[in-house]
Amino acid sequence: MDVVFKNGSIVTGEGIFEGMDLGIENGKIAALGKNLAGQKIIDAQGKYLMPGGIDVHTHLDTSFGEMHTADDFTSGQLGAIAGGTTSHLNFCFPAPGQSLMESLAYWKNKVFQEALIDYGFHMVIRDANHLKELSGLIEKGVSSIKCFLAYKDKLQIDEELFYKTVEKARDLGILTMVHAENGTLIDYRVRQALGRKELLPIFHARTRPPEFEAQSIHFAASVASVLRAPLYIVHLSSKKGLEEILRAKNAGIPLWTETCPQYLFFTEEDLQRKGQSPGLEDFEGAKWICSPPLRKEEDREALWDGLISGTIDVVSTDHCSFYFQGQKTRGLGDFSKIPNGVPGIEERLSLLFYYGCIKRKLPLERFVTLNCEFPARLFGLEGRKGKLAVGYDADILLWNPQLKKTFSVHSHHIRLDYNLYEGFYVEGGPEMVMLRGQILYDQGRFLVQPGSGQFLFRHPLDLL
Ligand SMILES: [Zn+2]
């Protein structure tokens, strides 16, 4: 073996296997067992060996209107590595009128030489012309698309196009992801609120009630039911939404969902936080603005229960970072102009480990299923990613449960002037991060070179 991790606790979705060696050859996992010999030995005694994290929902280097995300691929991927994520799937937004293939080529070219970790893309469907192009996606290694039922007059598509897209995607083995909120009614409520001079960040949440998420999930699930087509609901935020997911799953509809750390750790009260900067005292909450919005305590609790019970299948981040100064502040005096998005790519795994596995008895096996194994299966990476098994890529975390850390803007690796989790204490994190057998990160030191990440050519959905 080229490298052998000695005497660690190997975690998979099925169990925790103590006192095990893991051997690597040519960047792949070659053996799991006892007494393995190798040229390089890494002591894993007292530590967990887990698959590298997979974050299937990121927005790096992306423009939304005039706003461009603070993180590009380099800074976002550095954060990912420090937090133990070795693969991510980013959204490709075609410009208005641009074809899917042109957009994909543009995005691949953008990342090509600078990637630090493995990456793939989901294509966003914006108009009916994109339907004709779906059949070409699989041969390009793209097996998922996204439809928006929110963001009226921007990204929102109508019900007919949504239906046709889900149907076509089903026939091709492409998974359709959905941003499920009623964008038409949200748009009306936002205009109403502005008319009443309700301008502060909290009105972002008040204009997007959870009923509008639940109703949109119900609609999407109805389409999936009629068409017997697979569907993935992104960033689930509410208890009412979760109930719709459960209802659909119980009815045998092939539907899966994810939630994100922000919905597990914050509520709409955070939108009313007070700040220190002069003139921005009532605007601190803008840092927590994302869509769907943060909800209430009962929603937060319901989502944690959903992770443990299995109603929620995946944890991703929806990492979409905008500077507080200069970007979020564009919405001072008009909440509807605050760019929507929060960070999380760096903190996801440690947050879930400490506040989930340690504090809430989320089984460690579920942790691996939610963050690594199931996302790999859903998004066409089974057999290569998300699992510590022979033949899989050697994407490995040497996870030290004793590692202690407090998140802060002063120590994070992403490029942002605030940290959403400022002051959050965690125990447990990656001491070493390996991608295809190459050490990217070792006890706080980055050993990574631009170009070490590869495009993830993904296979069609085969979970049905
Ligand atoms: Zn998103």
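Which residue forms a salt bridge with Asp 72?

## Model and conventions

This is a predicted model, in which local features need pLDDT of at least 70 and side-chain atom pairs count only at pLDDT 80 or more, while totals for chains, interfaces and linings use all residues. Residues are numbered from 1 along each chain as its sequence is written, and side-chain values use heavy atoms, with hydrogens and water left out.

## Asp 72 and Arg 415

The partner of Asp 72 is Arg 415, with 3.2 Å between the closest N and O atoms. A salt bridge here is a side-chain nitrogen of Lys or Arg within 4 Å of a carboxyl oxygen of Asp or Glu. Asp 72 sits in the loop between β8 (67-68) and α1 (73-83), and Arg 415 in the loop between β16 (396-406) and β17 (425-435), so the pair ties together parts 343 residues apart in sequence. Helices (H or I, at least four residues) and strands (E, at least two) are DSSP runs, numbered from the N terminus.

Arg 415 is partly exposed, at 37% relative accessibility. Buried means under 20% relative accessible area, exposed over 50%, and partly exposed in between (1.4 Å probe, protein chains only).

## Two further pairs

Asp 187 forms a salt bridge with Arg 191, the closest N and O atoms being 3.3 Å apart. Both belong to helix α5 (residues 183-195), where a spacing of 4 residues separates them by about one helical turn. Asp 187 is partly exposed, at 23%.

Lys 287 and Glu 284 form a salt bridge at 2.8 Å, N to O, and both residues are buried.

## Network and total

A network of salt bridges links Lys 28, Asp 118, Lys 385, Asp 393, Asp 395 and Arg 436. The structure holds 30 salt bridges.
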